[in-house]
Amino acid sequence: MNSTLKRGWSWSTWSPLPAPCLRNQAAVLAALVVFVVSGCVSPPPTKPRGRFATLRELAEVYNYVIDDTSTQNVGVLAKGGRKVVFTAGSDIALVNGTPVRLEAMCVPVRGDLMIPSRSIDIIEGRWSPDGDAMANVPVETVPLSIRKVVIDPGHGGKDPGAIAANGLYEKTVNLDMGLRLRDALVRSGIEVVMTRVTDTHLSADKSTDLDKRVALTASAKPDLFLSIHADASTDRSVSGFSVYMARDEDRSARVAEIARCLEGSYSARTTQAQSVYDTNRRASLAIARELQTVLKTRLGTDCRGIKEHGARVVKWAICPAVLVEVDFISNYSGAARLGSAEFRQKVADAVTEAVLMCSRRGSSAPKVSAAMR
Ligand SMILES: [Zn+2]
């Protein structure tokens, strides 16, 4: 996406936060969200020491009760209104029926079901195996039902994006991945709107081009906006994928933009816009986290984490929005991967898997975009 290697346009609004500032912001956000969700933050109990723990150990440390339906292959823990089901051979726990991915598979050993020892920390939102910036935000609070997606293959036409040493244009691989993703999503019953389907720009002026992508997304009223890019760096040794979402510091301007798209009195629109913004942010994080997990597994490339930036298409989307930098076109191996149709299909399939995983989790949730006029 943004790079000194890129010819032509750049993300005018992009400027990375200094790392300590980002960490502080993430910590404050995480603490705030945990506080809002749980009401208070209690000190974490003493952790089991090994990588795995038995059902009984987890129950004792985290104050759960072992449900008597538990067997060697299915462990069931209960606390308050929460019921957690662990299954042998699966890295997914069901929390009141909602799938939550664990750090490893549960395995039966000599009559006991061995469960990854940090599972309850993950389920209760205290820890994430990926160590991303917003690791403490619990995924199960996210209502996300994805029936319509806007896919934005970055750049196009006069804007090539980044260019590989072998002459491969970013705009070309972005479009191919976008079209493959469209086909995969449509096959799964999801409606798709593309910002472009050919090698074109939406405007010869970069700023207008980006505004048009934002406007097209707003009028499509999707449940998710996905921008597809390939990354570049002056350090040619860097490779792997990153998932970006908008910075929370742009909140007030973005709430105002959402309010502009709602109906009703000024105060009603402002109140609703704040709630839509919060829902969008949690949903963006949920999809970002799912993308991170699935891409890491399916592509086998380096995972560079979930990051925040001010890219205009993500910042001004009035729906959940993420931007995926699939790999580094400036890296020799990255360019070779991006140049392979097989790899680009893998990307499309993996992104589709992540979208479906998130959507299943929130299938009973109301459509965020339904409130938009
Ligand atoms: Zn790009």
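A residue counts as buried if 20 or more other C-beta atoms lie within 10 Å of its own, as exposed if 12 or fewer do, and as partly exposed in between, with C-beta atoms placed from the backbone. The model shown here is predicted: local features need pLDDT of at least 70, side-chain atom pairs count only at pLDDT 80 or more, and totals for chains, interfaces and linings use all residues. Residue numbers start from 1 along each chain as its sequence is written.

**View 1. Valine 65, an exposed residue in strand 2.**
Valine 65 sits in strand 2 (residues 65–66). With 11 C-beta neighbours inside 10 Å, valine 65 counts as exposed. Leaving out residues up to four places away in sequence, valine 65 touches Ala59, Ala78 and Lys79; a contact here means C-beta atoms, placed from the backbone, within 7 Å.

**View 2. The whole protein chain.**
The protein chain has ten helices and 14 strands. Both kinds of element are DSSP runs numbered from the N terminus: helices are H or I with at least four residues, strands are E with at least two. Of the 373 residues in the protein chain, 44% are buried. Looking at contacts with a separation of 6 or more, 71% of them join residues 24 or more positions apart.

Six strands make an open sheet in the order 10-9-11-14-12-13, with mixed pairing. Strand 10 (191–194) and strand 13 (303–309) are the edge strands, each pairing on one side only. Neighbouring strands in this sheet are turned by 25° against each other on average, direction ignored. Helix 4 (residues 170–187) packs on the sheet and touches strand 9 (148–153), strand 10, strand 11 and strand 14; its direction makes about 145° with that of strand 11. For such angles, axes are lines fitted to C-alpha atoms, for helices over the stretch in contact, and the range is 0 to 180 degrees between N-to-C directions.

**View 3. Strand 11 beside strand 14.**
Strand 11 (residues 224–231) and strand 14 (residues 321–328) pair in the parallel sense over six bridges. DSSP has to find at least two bridges between two strands for them to pair. Serine 227 stands opposite leucine 323 in strand 14.

**View 4. Helix 4 from end to end.**
Helix 4 has 18 residues and reaches 26 Å from its first C-alpha to its last, close to the 26 Å expected at 1.5 Å a residue; the expected span is 1.5 Å times one less than the number of residues. Buried residues in helix 4 include Val173, Leu175, Met177, Leu181 and Leu185. Charged side chains turn up there too, and Glu170, Lys171, Arg180 and Arg182 are among the buried residues. After helix 4 comes glycine 189, with a positive phi near 85°.

**View 5. Helix 6 crossing helix 7.**
The axes of helix 6 (residues 251–260) and helix 7 (residues 266–299) come within 8 Å and cross at roughly 120°. On the helix 6 side, Arg251, Arg254, Val255, Ile258 and Ala259 take part, and they meet Arg269, Thr270, Ala273, Gln274, Val276 and Tyr277 in helix 7. The residues of this contact divide into six nonpolar, two polar and three charged.

Three strands form an open, antiparallel sheet in the order 1-8-7. Its edge strands are strand 1 (52–54) and strand 7 (107–109), each pairing on one side only. Strand 1 and strand 8 (residues 112–116) pair over three bridges in the antiparallel sense, and phenylalanine 52 stands opposite proline 116 in strand 8. Helix 2 (residues 55–62) packs on the sheet, touching strand 1 and strand 8, and its direction makes about 90° with that of strand 1.

**View 6. Two loop residues with positive phi.**
Most residues other than glycine have a negative phi. Arginine 110, in the loop between strand 7 and strand 8, has a positive phi near 45°. Arginine 110 counts as exposed, with 6 C-beta neighbours inside 10 Å. Histidine 155 lies in the loop between strand 9 and helix 4, and its phi is positive as well, near 65°. With 27 C-beta neighbours inside 10 Å, histidine 155 counts as buried.

Technical notes:
Contact = placed C-beta atoms within 7 Å.
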